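Trainee: Can you walk me through this one? I have the sequence and the structure open.
Mentor: Fine, let's look at it together.

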Amino acid sequence: MSEPTRPSSPPPATCKVVLAGTVANKLMLEVKGSLATLGRKPLLVGFLANTDPAAKMYADWTGKTCEDNGFAFELRTLDKDNLEAAILGANVDPAIDGIIIYFPVFGTMQDSYLQQLTVPTKDVEGLSHRYLFNMYQNRRFLDAAKTQKSLLPCTPLAVIKILEHVGVYNPILPYGNRLFGRTITIVNRSEIVGRPLAALLANDGADVWSVDITGVQKFTRGEGIKRTMHHVHDVDDKLEDVVPRSDVVITGVPSKNYKFPVNLLKSGAVCINFSSEKNFDPEVKEKASIYVPAIGKVTITILLRNILRLIENRKAAEAAGEAPADPAGPEGVAQT
């Protein structure tokens, strides 16, 4: 008598889906430890001078996360013509630890001016020229004694923390070189996220293919990562050329109509989406080894971490007897 036929088991899952909350919870332990040492509620002030629903949603989310985790948050809604004076006032208010502006405001180059108006010692998003200069130059501290760490923009840093969490960074290698040997493609070259992220990853040793509608650029520290900072080269390669060589693919295309061509993926690639839209179809899990569908919770945790970093930097500057930053407006290029 033949044995009864047993139902076949499904094949083992080959793709691990990593949710942003898992990474954020780990980082939040660090934040809460620093907060307990501080012994008070830091105050973050947000300025909302537009009617963009996405900006309001982000502001509300910021406020809830702050209040849930021991930070004070105050949202100031105002007319855009009054925003400049409000930022300058917040710069000199000793009760305020950090400032965030919800863009767009004018939707023109004036927004870039407003972005630089926050004094660096209160710029929680790390978008001041002082921080951007250090980021692109691969300078990681604000002072020669290396007691004050330079801030990094929240979303690019969130991606880095996720890559560290999933093991793309190699902890055996020296700090600053831990992406040596990795090849990464980023589909987005915005000035807010895509370009800074490419620079940061290349500065850490990766060869980075930066892709947008104008073409492909390569960010690299060169053969053997001998350069101290990344260099950028225009290349003739296309998306279909660089993706099959990439260990990691990161997307940030803000369009419901965009879907990444998963057939191009190298088997076992790590895939991360930082767009508010779903850039990857579910089929990505048939090719990727790790898939991170969104990063928002990590980004907001980095924001809280940056507030504490600003406070620590101010204390270090005071202990070193440094002159305080000009409270009326942004400083010039950092001397490091």
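Trainee: Where does helix H2 lie?
Mentor: Helix H2 (residues 53-68) lies across S2, S3 and S4, and runs at about 155° to S3. Angles here run from 0 to 180 degrees between N-to-C directions, with axes as lines fitted to C-alpha atoms, for helices over the stretch in contact. Helices (H or I, at least four residues) and strands (E, at least two) are DSSP runs, numbered from the N terminus.

Trainee: Before I go on, what sort of model is this?
Mentor: This is a predicted model: local features need pLDDT of at least 70, side-chain atom pairs count only at pLDDT 80 or more, and totals for chains, interfaces and linings use all residues. Residues are numbered from 1 along each chain as its sequence is written, and side-chain values use heavy atoms, with hydrogens and water left out.

Trainee: OK, back to the strands. What is the order in the open sheet of three?
Mentor: The order is S3-S2-S4, with parallel pairing. Two strands pair if DSSP finds at least two bridges between them. The edge strands are S3 (72-77) and S4 (98-102), each pairing on one side only. Neighbouring strands of this sheet are turned by 20° against each other on average, direction ignored.

Trainee: How many bridges between S2 and S4?
Mentor: Five, in the parallel sense, with S2 covering residues 43-48. Leu44 stands opposite Gly98 in S4.

Trainee: And what follows S4? Which peptide bond is cis?
Mentor: The one from Phe103 to Pro104, with omega near 5°. Pro104 sits in the loop between S4 and H4.

Trainee: Switching to helix packing. At what angle do H6 and H9 pack?
Mentor: About 110°, with the axes of H6 (residues 154-165) and H9 (residues 296-319) 8 Å apart. H6 and H9 are therefore roughly perpendicular to each other, a label for angles of 65 to 115 degrees.

Trainee: Which residues meet there?
Mentor: From H6, Cys154, Thr155, Leu157, Ala158, Lys161 and Ile162; from H9, Val298, Thr299, Ile302, Leu303, Arg305 and Asn306. Contact means heavy atoms within 4.5 Å.

Trainee: What about H5, which residues are buried?
Mentor: In H5 (residues 129-136) they are Arg130, Tyr131, Leu132, Asn134 and Met135. Buried means under 20% relative accessible area, with exposed over 50% and partly exposed in between (1.4 Å probe, protein chains only). The buried residues of H5 pack against H4 (110-115), H7 (194-203) and H9.

Trainee: Last one: is Ile186 buried or exposed?
Mentor: Ile186 is buried, with a relative accessible area of 0%. Ile186 lies in strand S5 (residues 183-187).

Trainee: What does Ile186 contact?
Mentor: Leaving aside neighbours within four places in sequence, the contacts of Ile186 include Gly194, Leu197, Trp209 and Ile250.

Methods:
Parallel < 35°, antiparallel > 145°, perpendicular 65-115°, else oblique.
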